[in-house]
Amino acid sequence: MRLENKVAIITGAASGFGEGMARRFAEEGAKIVVADLNARGAERVAAEIGKAAIWTQTDVSLRPEFDEMVYAAKSAFGRIDIMVNNAGYTHRNGDMLDVSEETFDLITAVNMKAIYHAALAVVPIMERQGGGVILTTASTAGLRPRPGLTWYNASKGWAITATKSMAVELAPKNIRVNCLCPVAGETGMLEKFMGADTPEIREKFRASIPLGRLSTPLDIANAALWLASDEAAFITGVALEVDGGRCI
């Protein structure tokens with residue numbers, strides 16, 4: 001029970017990597033706040049986890065909704081030990097000049113500004129508690145960009161740099177800050193990452209991964225579990241590649 005008596009907020013937890021983390025963290029003893037814009041999905045995941053979970057409908061791009069999520073976590077469980085910034089958004093794979101300003105603004109709000117909102121909301125709480133963990137789902141796109149996803153790639157590069165800078169600044173408060181860099185995986189955004197979902201395009205993506213497959217929610221959840229646990233007590237500022245060798 002590596003997360004026994006820990007409370008974790010996970011955004012984007014109604015599906016994909018976030019759902020995988022919520023389920024895996026709960027298996028290891030954590031209390032979970034399943035946060036997502038998709039209320040029905042969040043409610044489903046929390047119900048399937050059971051009494052150890054609550055759900056909130058949260059748009060992480062909006063500070064008031066972020067504050068409501070944190071209030072719900074404190075009200076239900078009394079503390080916040082782990083903040084997982086997992087919610088993300090992307091544009092469809094294609095020409096960088098074809099991405100609308102509206103889409104660009106949404107990418108930056110969800111992939112970048114939400115990390116700022118999270119820090120303002122949870123760092124004071126964690127400091128009063130004597131420490132905590134902030135974990136962000138970044139991407140291999142922020143380390144080794146693919147053509148066709150320029151603005152998404154840039155947002156994930158920003159998330160990686162923010163992670164490292166936050167880690168240095170928050171270390172004296174005993175708050176560890178790390179991020180995960182998954183390769184493309186079996187999530188709802190996969191079709192946008194690839195541009196279209198065909199056997200040929202999937203094979204092209206798989207061919208770029210030395211271990212020969214896409215990532216799964218369990219792959220990401222197991223890596224997140226370790227970084228969030230006390231087993232990683234001396235690990236901060238890391239952008240952990242969970243990518244089957246893609247970034248080599």
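**Pocket, cavity and sheet**

Me: How do the residues of the lining of the largest pocket divide into nonpolar, polar and charged?
Reply: A pocket is an open set of points on a 1 Å grid over the protein atoms alone, with protein on both sides within 12 Å along at least five of seven lines, and lining residues have an atom within 4 Å of a point. Ala, Val, Leu, Ile, Met, Phe, Trp, Tyr, Cys and Pro count as nonpolar, Asp, Glu, Lys and Arg as charged, and the others, Gly among them, as polar. The lining of the largest pocket then comes to 18 nonpolar, 16 polar and six charged residues.

Me: What kind of model is this?
Reply: Residues are numbered from 1 along each chain as its sequence is written, and side-chain values use heavy atoms, with hydrogens and water left out. Local features need pLDDT of at least 70 and side-chain atom pairs pLDDT 80 or more, while totals for chains, interfaces and linings use all residues, since the model is predicted.

Me: What is the volume of the largest pocket?
Reply: A volume is the space filled by probe spheres set on grid points joined across faces, edges and corners. For the largest pocket, this comes to about 800 Å³.

Me: Which elements give two or more residues to the lining of the largest pocket?
Reply: In all, 40 residues line the largest pocket, and those closest to its centre are Asn86, Ala87, Gly88, Tyr89 and Met189. Helices (H or I, at least four residues) and strands (E, at least two) are DSSP runs, numbered from the N terminus. Those that give two or more residues to this lining are helix H1 (16-27), E2, H4 and helix H5 (150-170).

Me: How many cavities of 30 Å³ or more does a search of the whole structure find, and what is the volume of the largest cavity?
Reply: A cavity is a set of points where a 1.4 Å probe fits but cannot get out. The search finds one of 30 Å³ or more. The volume of the largest cavity is about 70 Å³.

Me: Which element gives the largest share of the lining of the largest cavity?
Reply: The lining of the largest cavity has 13 residues, with Asn85, Asn86, Ala87, Val110 and Ile115 nearest the centre. Helix H4 (101-129) and E5 are the elements that give two or more residues. The largest share, four residues, comes from H4.

Me: Which strands stand at the edges of the sheet?
Reply: The protein chain has eight helices and seven strands. An open sheet of seven strands, with parallel pairing, runs in the order E3-E2-E1-E4-E5-E6-E7; two strands pair if DSSP finds at least two bridges between them. Two strands each have a single partner, so one side of each is left without a neighbour in the sheet: strand E3 (53-57) and strand E7 (239-242).

Me: Which residue in E7 is the bridge partner of Leu180?
Reply: Strand E6 (residues 175-182) pairs with E7 in the parallel sense over four bridges. In E7, the bridge partner of Leu180 is Leu240.
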